[in-house]
Amino acid sequence: MYHYILPDAGEGTHESAIMSWNASVGDKIVEDVTLLEIESDKAVVELPSPISGYLAKIYVEAGDIGIVGQPIADIAETEEELTHERAMLVKDSEQRAKEE
């Protein structure tokens, strides 16, 4: 699983707003194709996908603020890895429901 870390959009920025995602969880994505658009206090920037694969998880939704150096998404490199990640999310949800 590849953890996509929010890069510094300009010199010295510490956070950026996620303006939009160009893919949804489960979508196949292609390296170097725009995956999301962010806005810092200095610029609006399109960020490409760093690898080809499947968008497995979004940590920072559109409209929210991401912290530079923190993960904003996970990218599964294979369909099998995506399927495994989804199964783990379901299992975690079921476990939390039992605990409540």
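Q: What should I know about the model itself?
A: This is a predicted model, where local features need pLDDT of at least 70, side-chain atom pairs count only at pLDDT 80 or more, and totals for chains, interfaces and linings use all residues. Residues are numbered from 1 along each chain as its sequence is written, and side-chain values use heavy atoms, with hydrogens and water left out.

Q: OK, how many helices and strands in the protein chain?
A: One helix and eight strands. Helices (H or I, at least four residues) and strands (E, at least two) are DSSP runs, numbered from the N terminus. The pattern along the sequence is β-β-β-β-β-β-β-β-α.

Q: And what box do the C-alpha atoms fill?
A: Roughly 45 × 30 × 20 Å, taken along the principal axes.

Q: How much of the chain counts as buried?
A: 30% of the 100 residues. Buried means under 20% relative accessible area, exposed over 50%, and partly exposed in between (1.4 Å probe, protein chains only).

Q: Now the sheets. What's the order of the one with S5 in it?
A: S5-S4-S2-S7, an open sheet of four strands with antiparallel pairing. S5 and S7 (65-67) are at the edges with a single partner strand each, so one side of each has no neighbour in the sheet. From one strand to the next, the twist averages 40 degrees; axes there are lines fitted to C-alpha atoms (for helices over the stretch in contact), and angles run from 0 to 180 degrees between N-to-C directions.

Q: How many bridges between S4 and S5?
A: Five, in the antiparallel sense, with S5 covering residues 44-48. Two strands pair if DSSP finds at least two bridges between them. S4 and S5 form a hairpin with four residues between them, and Thr34 stands opposite Pro48 in S5.

Q: What about S4 with S2?
A: Four bridges join S2 (residues 15-21) to S4, and the two run antiparallel. Ala17 has Glu39 in S4 as its bridge partner.

Q: Let me zoom in on Ile38. Buried or exposed?
A: Ile38 counts as buried because its relative accessibility is 0%. Ile38 sits in S4, residues 34-39.

Q: Switching over: what's the order of the S1 sheet?
A: S1-S8-S6-S3, an open sheet of four strands, paired antiparallel. S1 (2-5) and S3 are the edge strands with a single partner strand each, so one side of each lacks a neighbour in the sheet.

Q: Which residues stand opposite each other there?
A: His3 stands opposite Asp74 in S8, and Asp74 is also the bridge partner of Lys57. S1 and S8 pair over four bridges, and S6 and S8 (residues 71-76) pair over four bridges too. Over at S3, two bridges join it to S6, with Tyr54 in S6 as the partner of Lys28.

Q: How many residues of S6 are buried?
A: Five of its six, so to speak for residues 53-58: mostly covered. Helix H1 (residues 79-99) lies across S6 and S8, running at about 20 degrees to S6.

Note on methods
Contact = heavy atoms within 4.5 Å.
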